[in-house]
Amino acid sequence: MTKIYIAGPITGMEEKAAEKFAEAEIFLKAKGYEVINPMKLAHDHDKTWKAYMLECLHVLLQCDEVYMLNGWRKSKGAKLEHRIASDFDLQIHYKGN
């Protein structure tokens with residue numbers, strides 16, 4: 001089964017982001033993907049932005065594809081995830097495409 005990671009803006013909008021990530025997870029599971037929703041990771045660390053990103057990037061690199069949510073270009077973390085996915089030749093999908 002193809003593993004896909006959801007990327008998008010989170011910082012400063014955690015409650016709304018949780019809804020958007022959950023919607024994407026449902027959509028992608030219905031398409032047959034094994035979905036990695038970073039908002040559901042255990043996050044057993046010091047809760048700094050860097051710690052979140054290190055954990056997320058580690059998980060991202062175990063995936064085959066990435067699904068970029070709307071607004072990702074305004075997110076420092078999502079832009080980093082996009083750049084790394086691109087550099088590692090992961091297939092990238094964009095919400096709405």
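The structure is a predicted model, in which local features need pLDDT of at least 70, side-chain atom pairs count only at pLDDT 80 or more, and totals for chains, interfaces and linings use all residues. Residues are numbered from 1 along each chain as its sequence is written, and side-chain values use heavy atoms, with hydrogens and water left out.

Helices (H or I, at least four residues) and strands (E, at least two) are taken as DSSP runs and numbered from the N terminus. Helix H1 covers residues 14–30, 17 residues in total. From first to last C-alpha, H1 reaches 24 Å, close to the 24 Å expected at 1.5 Å a residue; the expected span is 1.5 Å times one less than the number of residues. Five names make up the buried set of H1: Ala 17, Phe 21, Ala 24, Glu 25 and Leu 28. Here, buried means under 20% relative accessible area, exposed over 50%, and partly exposed in between, with a 1.4 Å probe and protein chains only. Viewed down the axis of H1, the buried residues fall within an arc of 105 degrees, so they line one face of the helix; the arc is that of the directions from the helix axis to the C-beta atoms.

On the face turned away from the buried side sit the exposed residues Glu 15, Lys 16, Ile 26 and Ala 30. Just after H1, Gly 32 takes a positive phi of about 95 degrees.

Glu 25 deserves a paragraph of its own. With a relative accessible area of 7%, Glu 25 is buried, and Glu 25, Lys 29 and Lys 40 are linked in a network of salt bridges. A salt bridge is a side-chain nitrogen of Lys or Arg within 4 Å of a carboxyl oxygen of Asp or Glu, and by this rule the count comes to 2. In one of them, the side chains of Glu 25 and Lys 29 meet at 3.2 Å, N to O. Both residues lie in helix H1, 4 residues apart, or about one turn of the helix. Lys 29 counts as partly exposed, at 48% relative accessibility. Lys 40 also forms a salt bridge with Glu 25, the closest N and O atoms being 3.0 Å apart. Because Lys 40 lies in the loop between E2 and H2 and Glu 25 in helix H1, this pair ties together parts that are 15 residues apart in sequence. Lys 40 is exposed, with a relative accessible area of 57%.

The loop between E2 and H2 also holds Asn 37, which is buried at a relative accessible area of 6%. The side chains of Asn 37 and Glu 25 are joined by a polar contact of 3.1 Å. A polar contact is a pair of N or O atoms within 3.5 Å; within protein, one must be able to donate a hydrogen and the other to accept it, and residues adjacent in sequence count only if both atoms are side-chain atoms. A polar atom of the Asn 37 side chain also lies 2.9 Å from the backbone nitrogen of Met 39. Leaving aside residues up to four places away in sequence, Asn 37 touches Ile 6, Phe 21, Ala 22 and Glu 25.

A contrasting topic is Glu 81, placed in helix H3 (residues 76–87). Glu 81 is buried yet has no salt bridge, and the nearest side chain of opposite charge, Arg 83, is 11 Å away; Lys and Arg count as positive and Asp and Glu as negative, while His and the chain ends are not counted. Beyond residues up to four places away in sequence, Glu 81 touches Tyr 5, Ala 7, Gly 8, Met 53, Cys 56, Leu 57 and Leu 60. The buried residues of H3 pack against E1, H2, E3 and E4.

Lys 47 lies in the loop between E2 and helix H2 (49–60) and is partly exposed, with a relative accessible area of 46%. Asp 89 is found in the loop between H3 and strand E4 (91–94) and counts as exposed at 69% relative accessibility.

Note on methods. Contact means heavy atoms within 4.5 Å.
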